[in-house]
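This briefing covers a strand arrangement and a set of charged side-chain pairs. Please read it alongside the sequence and the coordinates.

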Amino acid sequence: MKEKGLLIVLSGPSGVGKGTVRKEIFSQPDTAFEYSISMTTRKPRQGEVDGVDYFFKSREEFETLIEQDKLLEYAEFVGNYYGTPVDYVKQTLNEGKDVFLEIEVQGAKQVREKFPDGLFIFLVPPSLSELKNRIVTRGTETEDSINHRLSAAKEEIEMMKLYDYVVENDQVENACERINSIVVAEHCRRTRVEPRYLKMLEAE
Ligand SMILES: Nc1ncnc2c1ncn2[C@@H]1O[C@H](COP(=O)(O)OP(=O)(O)OP(=O)(O)O)[C@@H](O)[C@H]1O
Ligand SMILES: Nc1nc2c(ncn2[C@@H]2O[C@H](COP(=O)(O)O)[C@@H](O)[C@H]2O)c(=O)[nH]1
């Protein structure tokens, strides 16, 4: 029977750089993870494409997905719903492929309950002032949304102790390298001792 893939969850406060790091990881030709595209009721930002960045849904459509149990997890964040499609994740893991989720902390907590063996990575900023600087410089949020996201950030950062690894996003390339190394190490750690390895010893 095929080994199941690893569920990799990247979380952290808004503006820390989760999306930037994730896009950099997925732009590398040797990346072997599958990205799970989330559902959201947030309006698309300039340049965002339905089915690429998110599946954009109305609140009514999203609530139907909740009722039909189609989401592995979901959360309301700064006035919008965000959620992970369960069928895609389960099917892809069953095919033996690693699945990468980039989600906020409430959702990550729900995933931990359902997939305790997942790999949970928390991205931290070098400082709170740098976090604010990143959200403001991104230029996508209203003042109200910036304030909401920053006040949520302090509680979110408190939750880093629930994660398997904490990675600082000082520079995007460093953060990506750290995440890739963690995944490789976790794969090695989780590898079963297969009978063929023991046979190799017998033969010598
Ligand atoms: N290491 C870094 N150094 C400097 N700027 C960065 C770094 N990583 C990301 N940024 C910038 O910070 C801003 C926020 O990044 P990004 O949108 O990826 O954050 P996020 O965690 O995905 O945010 P959200 O949770 O709100 O979606 C962007 O303008 C991005 O270019
Ligand atoms: N719980 C979930 N959180 C998600 C999901 N997809 C994205 N997110 C997180 O929401 C916030 C806000 O995102 P933004 O695109 O509006 O800036 C951010 O922390 C994302 O990581 C999801 O499926 N579930």
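A salt bridge is here a side-chain nitrogen of Lys or Arg within 4 Å of a carboxyl oxygen of Asp or Glu. The model is predicted, with local features needing pLDDT of at least 70 and side-chain atom pairs counting only at pLDDT 80 or more, while totals for chains, interfaces and linings use all residues. Residues are numbered from 1 along each chain as its sequence is written, and side-chain values use heavy atoms, with hydrogens and water left out.

**Salt bridges**

- The structure holds 13 salt bridges, and R45, R138, E141 and R149 are linked in a network of them.
- R45 pairs with E141, their closest N and O atoms being 2.9 Å apart; because R45 lies in the loop between β3 and β4 and E141 in the loop between α5 and α6, the pair ties together parts that are 96 residues apart in sequence (helices are DSSP runs of H or I with at least four residues, strands runs of E with at least two, numbered from the N terminus).
- E141 is buried at a relative accessible area of 16%, whereas R45 is partly exposed at 21% (buried means under 20%, exposed over 50%, partly exposed in between, with a 1.4 Å probe and protein chains only).
- R59 forms a salt bridge with E76, with 2.8 Å between the closest N and O atoms.

**Sheet**

- Four strands form an open sheet of mixed pairing in the order β4-β3-β6-β5, where pairing requires that DSSP finds at least two bridges between two strands.
- Strand β3 runs parallel to β4, joined by two bridges, and M39 stands opposite F55 in β4.

Terms used: Chains lettered and ligands numbered in written order.
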